[in-house]
Amino acid sequence: MKKELLASALLLFLGPPLTAHDFWIQPQRFEIAPGNPIGLDLRVGDEAPGRSLAFDPQHAERFALVGPDGEQPVLGLAGRRPAGNGRIESPGLHAAVYRSRETPLELAADRFEAYLAEEGLDSVVAERQRRGETESAGRELFSRCAKALIRSARPGEAITPEAVEAALAPLGLELELVAERDPTRASTSELPLRALLRGEPLVGVRIEATALSGDGRVTAQRTDSEGRVHLPIDGRGQWLVTAVHMEPAPADSGHDWRSLWASLTFER
């Protein structure tokens, strides 16, 4: 078990440039009948299917299922895969939520600059240039804010609009991707989505959507003045939507930057 936890910690918390960068919740099923248990896998990777991570309670701040009946904790057992196990009791749309604690990371200047360029963090690149820090190592605190949407219904049963609302509402993650229409139903080829930072619209952040099943295509847009994008999600299957935000770290933290990594997974 100690080896499992160490391997997961290295993948999850050494940081994006040292390993694959995306992190997401992968339910064992995206659609389930009410009253059944469900396993929730934590995965990291730069393409599907990613690598499954064992649960480490030292790094988990919040792990829960949110739906029409409110919020219920997800059971995570140290060193186990899938990382979490929950039970969905009522029909409707449910959100699995994971929030990690902050972890320190320091990278050599060239690797930090490459990481900033890869994630489209142009404002941080510009600020490091203004400070004369382009040749300096990057010291940051980073954390994860992940969600996955899961449908629960009996065969032939319709889900009411009221049973969808709780999972699509902002759920209090520090950086959060909020779908403004149920993305699990392919009613249109476009997904309106909002990026929120501490509950407020985040302007200019790059949102990237990746098809986890199918051809693996990727599309990206930056949020507008209201924190919105309209992503062309034109295919069925599983999708991963991600965003990265970086800001100055508190002066007494011993680090220069804080980064927040958000993800949203669902199946159409």
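## Pairing, and the model itself

Two strands are said to pair if DSSP finds at least two bridges between them. Keep that in mind, as strand pairing comes up a lot below. One more thing before we start: what you're looking at is a predicted model.

## The chain as a whole

Let's begin with the overall make-up. The chain has 19 strands along with 4 helices. Its radius of gyration is 18 Å, close to the 18 Å that the globule rule gives for 268 residues, so the chain is as compact as a globular protein of that length. If you follow the C-alpha trace along its principal axes, it spans about 60 × 45 × 35 Å.

How much of the chain is buried? Of its 268 residues, 53% count as buried. As for contacts, take those in the chain with a separation of 6 or more: 68% of them come from residues 24 or more positions apart.

## Strand S19 and its partners

Now for strand S19, which takes in residues 257-267. This strand is mostly covered, with 10 of its 11 residues buried. Which strands does S19 pair with? Strand S18 (residues 238-248) is one of them, running antiparallel to S19 and joined to it over 11 bridges. Strand S11 (residues 138-152) is another, and here the two run parallel, with 9 bridges between them.

Ser263 is a handy residue to look for in S19, as it turns up in both pairings. Thr242 stands opposite Ser263, and Ser263 is also the bridge partner of Ala146.

Buried here means under 20% relative accessible area. What covers what?

Strand S13 (residues 191-197) lines up with S12 in the antiparallel sense, over 5 bridges. To spot this in the structure, find Leu175 and look across to Leu197 in S13, which stands opposite.

Definitions and conventions:
Residues numbered from 1 in each chain as written. Predicted model: local features only at pLDDT ≥ 70, side-chain atom pairs only at ≥ 80, totals over all residues. Heavy atoms only, no water. Rg over C-alpha atoms; globule rule 2.2 N^0.38 Å. Buried < 20%, exposed > 50% of the residue type's maximum accessible area, 1.4 Å probe, protein only. Contact = heavy atoms within 4.5 Å.
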